[in-house]
Amino acid sequence: MLPIDRPQKIICIGLNYRDHAEEQGVALPERPLLFAKWPNTLIGPGQPIVIPPITHQVDYEAELGVVIGRRLRAVSAENALEAVAGYVCLNDVSARDLQFADKQWVRGKSLDTFCPVGPRLVPASEVPDPQALSIRAILNGQVMQDSSTANMVFGVAELIAFISQAITLEPGDLIATGTPAGVGVFRDPPVLLKPGDEVTIEIERLGALTNPVVAG
């Protein structure tokens, strides 16, 4: 069951962990890099990630999800966290072959079931500092990503402020704040999702989000 209301917008941030930029050999961005996932991607804990026939390179990405609690426009970074309703574990599942072929991120990130969230929406009051949380991705019992939100290039408050300068945020909107190092496509050899796998996203204070992988 989906633990959040279906948002109008899912706004994602690319290259927002220092270690993830390093594993790709690219420079840190000078400003947040925004892209979108669509609400058709959303599933809850325990629901299957479905790999359709159009992709053969599906990857996991552990991310901190931020749910907006009130309408805001052009908020300052100093006041941005006051607008957060809560936080969720999020898996920004990615079809890398589509992503690389398109030379942009939207299609490869927006296939049905490609945004698991959960296990519950944790109120912002229970997360005193969103920049001090351990974050991990576990594939079939093996830890693949193991980092901290302290490694973000742009913190949650900065992201909300930056986005709101251009885009009015509405209650329920979801921000996916980027992923740390350890994604499958940049491993040697690559480790990509396949039917029968089980992937878990764990974030300190938020719990664990687990989803099986099936063929479509």
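This report describes a sheet, the nonpolar cores, an aromatic pair and the salt bridges of one predicted model.

Because the model is predicted, local features need pLDDT of at least 70 and side-chain atom pairs count only at pLDDT 80 or more, while totals for chains, interfaces and linings use all residues. Residues are numbered from 1 along each chain as its sequence is written, and side-chain values use heavy atoms, with hydrogens and water left out.

**The sheet**

Helices and strands are DSSP runs numbered from the N terminus: helices are H or I with at least four residues, strands are E with at least two. Two strands pair if DSSP finds at least two bridges between them. Strands of a sheet pair through backbone hydrogen bonds, either parallel or antiparallel.

An open sheet is formed by five strands in the order β4-β14-β13-β10-β11, and its pairing is mixed. β4 (49-51) and β11 (142-148) are the edge strands, each pairing on one side only. On average, neighbouring strands of this sheet are turned by 20° against each other, direction ignored; the axes are lines fitted to C-alpha atoms, for helices over the stretch in contact, and angles run from 0 to 180 degrees between N-to-C directions.

Strand β10 (residues 134-139) pairs with strand β13 (residues 198-203) in the antiparallel sense, over five bridges. Ala-137 has Ile-201 as its bridge partner in β13, and Leu-139 has Val-199 as its partner in β13. β13 also pairs with β14, again in the antiparallel sense, over six bridges. There, the bridge partner of Thr-200 in β14 is Thr-210. The hairpin of β13 and β14 has three residues between the strands, and in it Arg-205 takes a positive phi near 75°.

**The nonpolar cores**

A nonpolar core is a set of buried Ala, Val, Leu, Ile, Met, Phe, Trp, Tyr and Cys residues joined through side-chain atoms within 4.5 Å. Buried means under 20% relative accessible area, exposed over 50%, and partly exposed in between (1.4 Å probe, protein chains only).

The largest core has 49 residues, and those with the most contacts inside it are Leu-64, Tyr-87 and Ile-160. Among the elements that each supply at least two residues of this core are β1 (10-14), β6 (62-68), β7 (84-91) and β14 (207-215). The largest share, five residues, comes from α5. Another core, of twelve residues, lies apart from it and includes Cys-12, Cys-115, Val-117 and Ala-176.

Leu-206 sits in the loop between β13 and β14. Leu-206 is buried, with a relative accessible area of 3%. Not counting residues up to four places away in sequence, Leu-206 touches Leu-64, Tyr-87, Val-88, Cys-89, Pro-119, Val-122 and Val-127, where contact means heavy atoms within 4.5 Å. Leu-206 and Leu-64 are 142 residues apart along the chain, and their C-alpha atoms are separated by 9.2 Å.

**The aromatic pair**

Rings of Phe, Tyr and Trp (its six-membered ring) pair if their centres lie within 6.5 Å; planes under 30 degrees apart count as stacked, over 60 as edge-to-face and the rest as tilted. The structure holds one aromatic pair. Phe-35 and Trp-105 form this edge-to-face pair, with 4.8 Å centre to centre and 65° between the planes. Phe-35 lies in strand β2 (residues 33-37) and Trp-105 in the loop between α3 (96-102) and α4 (106-109), so the pair ties together parts that are 70 residues apart in sequence. Phe-35 is buried at 10% relative accessible area, whereas Trp-105 is partly exposed at 24%.

**The salt bridges**

A salt bridge is a side-chain nitrogen of Lys or Arg within 4 Å of a carboxyl oxygen of Asp or Glu. By this rule the count comes to eleven salt bridges. The table lists some of them.

| Pair | N to O distance | Separation in sequence |
|---|---|---|
| Glu-202 and Arg-136 | 2.8 Å | 66 residues |

Glu-202 in strand β13 and Arg-136 in strand β10 are placed otherwise: Glu-202 is partly exposed at 27% relative accessibility, and Arg-136 is partly exposed at 25%. Salt bridges that share partners join Lys-37, Asp-59, Glu-61, Asp-92, Arg-96 and Lys-109 into one network.
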